[in-house]
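Student: I would like to learn how to read a sheet and a pair of packed helices in a protein model. Could you take me through an example?

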Amino acid sequence: MFEKDGVRLGIIGLNSAFLQLDEHDYEGKLELNVRQIHGVCGEDADKWCAKNQFNVLLSHHPIGWLNSAARAGFRMDIDPPGRFVAHMCGHLHAPLVESLAEGGALPRRLIQGRSLFGLETYRDRAGNVEIQREHGYSAGRFIIDSGECRIRMWPRQNIKGYAGDLRIVADVRFNLDEDDAFELPPAPINGSSLNDREGLDVGSGSVEVAFSIDSTGTPEVSRGNLLEMPAAASSASDRLRAVPRWILRHAPQHAHVRTAEQESFRSGIDQHRAAWLIADWGLGKDGFLYSSLNLSIPQKDVFRLSCEGVTSIESLTSEALKQWGLSFQDFCVSVSSLADCCLVLDNLSEDSALNNSEGWVRRLDEIVQAALDIASSLKVVLVRRITPGPSKFPVTQLQSLDEPDCARYVSNHSEGGHSLTTPRVLEKLYAKSEGIPMHLDRLLEQLQTVSIDDLLGGEGEDLEIVEKSEPVPKALVQAVAVLQGSKDKYVRRSLRLLKVLTVLSHGEIFQNLRRFDPVDPFFPDNVKQLRDLGLIETVPLVSIGVSTSGRDRVPVNDPAAHKLLIVPRPVRDYVRFLMGDDERRAIVDGAMEVYFGSKWREGKPSLQPLTKIVVWENGMSGLGNHHSVIVSAVKDCLIRQNEQFFKRIFRIADAYLQALRSASKYRDLQHASEELFRILDAAGRRREAARVASHNGTGLRMLGQTEEAVRALELSLSYASGFGPAEFTKDWYAVTYLNLALAHQSNGDQSAAVKSANEVMLRAVPSSGTYSQAKSVIAECNIESKPKDVLVREFAELESEFRKKGHVVAANNIAFELADLLVGATEKRQCFDRVLDSEGDRYNQIRAAIKKAKLLVSSGDEAQLGVAERRIISDSYSYLYSQRFGGLFDDCHNVLWRLGAIEGKNGYLLRLFRYSSFLWRIFGRENKEHEYISQLREMVPSAPGGAVADEDRNVVNYYNARLRALNFLGVKSADGA
């Protein structure tokens, strides 16, 4: 089985070639037996396949090569209709794709591939005629959408060109679309991994994958149930196995320098368990940390999180997910089981220095303190280039070495020694390096092969540097000068790689850059040289959507894991200053091909790079290179007034925004569309600005900024009105008006919501989900104008109508409205039960379970809450905790708190408080923590023993730590002080 984003694919491969023992013709003589499939499926193929959302069968031969009895058995017992979405085979070296339904049953799909390489010809059965063999391949994609699996394929064949060369091209004998691909009719899947957002139900019915459903129909949260008894240390160790440890290497030269700074830093860590380290580029931060940190910490338990660009808790948690495969809160909970560990928050951004720096530093203090409280053995080091604003944690700043320290550094260096500390040599080393440890290391390495005079006489360092508010680091100027001053073609190639990565400011993996210039490709040695010079960093990448528990995850420090090559901000700023416009424009042009395929100039962006937006950037902080490259290309087109080229670029920009929308990356969608809209609007490009404004309105609405969403959507419609139906279709208007209706409804403007919903119904197909959603909006907005009994009857009829049409989200939303109208608790519960019994809308199912529980608890009937419903709520807490659904998370917490308090489960309440408190604190919602710790203080004794004696020590320590901290805010501590 293969799992991605909670969707399970089952692959069964059966050997059809075991009877083909020689070169003779075996067509109609081979065997596939039902015992083969049962043998690999635990003797029950149906049960095994039912565990997966969809399944694929693989064999070497097609069914025509089986004997007659085997063919009948194959159709009856191995490949009955509906078991597999496709049977894939080969052998015949000719492509074939067919979908055949017989007798009203579900269709069987056969996908037959050809050989990629092999003999050019073969003879017929009689051996008389030589037949040309076809070569090529087919790439494909499974697309899970609305409870169905679509198979999209790109068939390719090998042909001989007029110049006698061989080339792989699209096989036009298939009925291909503009992307040179085709799709098979959709096949139903066994179950759904789905989560539907509240509100918009667009006609396609596509769903957002959030978590999977196990065989009992309850949410399966990969990280486990937080609120059950604390997991063993081995479980936390399993979750941390995929998180890379930062290996700080022993460097004796650093132990003998900066002794005052080391003592100050060590004292700060010992007293506060957290401290700031201010270290500019190349100043030997790693060696200083190795020498200063308590060396009893095992090297395997030092963790590093690169925080460049992080200026909020959202971006901090996103970076943790990208680099570790764990959210920040999951990481803190997991390391609480370790005996001693350290977290280095490295490269903390200076962006905030220009925008409310002190506010972000205060928030960072609160976040770090929350982490220290929840993980009592954790130490935290915060690293940045410039001194932060006022902070509760002590600050140590590194400077370049002075001459006495430089002498000690060289004397204790593995490639140095006392012979290199003579006044003459030391003076020249210090003048060359200016006391920067990174360059001292490089100079000492070079001195193994050249003399001091050759070393110093061969470099030219005079660079005119533009004056800025902050000087360019001298070490940076020196490192780039090494590349600029070289005539070696391989070194010049490293310089070009540096410039490419400077333009691609979000970093890129080497695989995508290797042939950025096919004539002059990059090599791993170029990456190594830039790393050795300290000009780039490597960040391990994690495949998004895999279990955060660490199960089935390739460790990010595995040699096979991709590494993101990224140029740090100070380096980018300086290199960008050195580059000309033509050079930057050429790199942008090459980047378009990397991200959008070779046909982007024809206005046909490749879908593969667009998919990578979702895969590689799903969970990453901020916008990626796709956006920055598009923005640069759009600006260049507008400046050059190249209309034909602009149309192609905008098609790519629109596809990119749609990809963000489909991936539910609404924050990125809002930021990207806002920047593009400003550019287009300023240039008077209203046709394109209208489309972008519609995307922007969608992003704003989903982020809860509904007033701004109304303005954006109304502007979109206003701009679009100046163009004909060929430019803006009815479907486009229907979706835009639906967003506007929902935004008005959220703002409480019922008349405007109804007006917009009517516009939807004038344009949408009546059988579409968009139409039903508009109808639902109208019904919900007319509550006050009709008697309650009439509304109850109409809502019940609407719900029934929507369920018959399969518009589950619209039906469930109406069910909630109906429950609000009903008075009797029994009738309300029946509404919630219908939502719980529905399929394809797990978000509303969670809402229904929580609402039903609140109803039962408030009436003292909590005993009627079933085991399955309790499990949904309890498991959903873990899901909502990790996904940070604020309002729904609070509702879920409130229900679980009430249940725990009623049943006297004090230990359970301690665990619940620990997790909820931690999340509230890092998002600045301490008032919620005050509310519940006051209640908890009355129920749970302070001293270990009694109700809490058997609880996990971290839970008790966290509770008592928060009591002590909140004592200064007027809340009594556990010991009554």
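Predicted model: local features only at pLDDT ≥ 70, side-chain atom pairs only at ≥ 80, totals over all residues.

Student: In what order do the five strands of the open sheet lie?

Tutor: Strands of a sheet pair through backbone hydrogen bonds, either parallel or antiparallel. Here the order is β17-β18-β19-β16-β20, with parallel pairing; strands are DSSP runs (E, at least two residues) and helices likewise (H or I, at least four), numbered from the N terminus, and two strands pair if DSSP finds at least two bridges between them. Because β17 (302-306) and β20 (395-397) are at the edges and have a single partner strand each, one side of each is left without a neighbour in the sheet. From one strand to the next, the twist averages 20 degrees.

Student: Which strands does β16 pair with, and is it buried or exposed?

Tutor: Strand β16 (residues 274-278) is joined to β19 by five bridges and to β20 by three; Ala275 has Val381 of β19 as its bridge partner, and Trp276 has Val395 of β20. Five of the five residues of β16 are buried, so the strand is largely enclosed by the rest of the structure; buried means under 20% relative accessible area, exposed over 50% and partly exposed in between, with a 1.4 Å probe and protein chains only.

Student: Which helix lies across β17 and β18?

Tutor: Helix α8 (residues 313-324) does, running at about 120 degrees to β17, where axes are lines fitted to C-alpha atoms, for helices over the stretch in contact (heavy atoms within 4.5 Å), and angles run from 0 to 180 degrees between N-to-C directions. Helix α9 (residues 328-335) lies across β17, β18 and β19 (378-384), at about 155 degrees to β18.

Student: How should I read the crossing of α20 and α22?

Tutor: Two packed helices are described by the angle between their axes and the distance between the axes. The axes of α20 (residues 581-596) and α22 (residues 625-640) come within 10 Å and cross at roughly 130 degrees. The two helices are therefore oblique to each other, since angles under 35 degrees count as roughly parallel, over 145 as roughly antiparallel, 65 to 115 as roughly perpendicular and the rest as oblique. Among the residues making the contact are Val588 and Met592 of α20 and Val629 and Ile630 of α22.

Terms used
Residues numbered from 1 in each chain as written. Heavy atoms only, no water.
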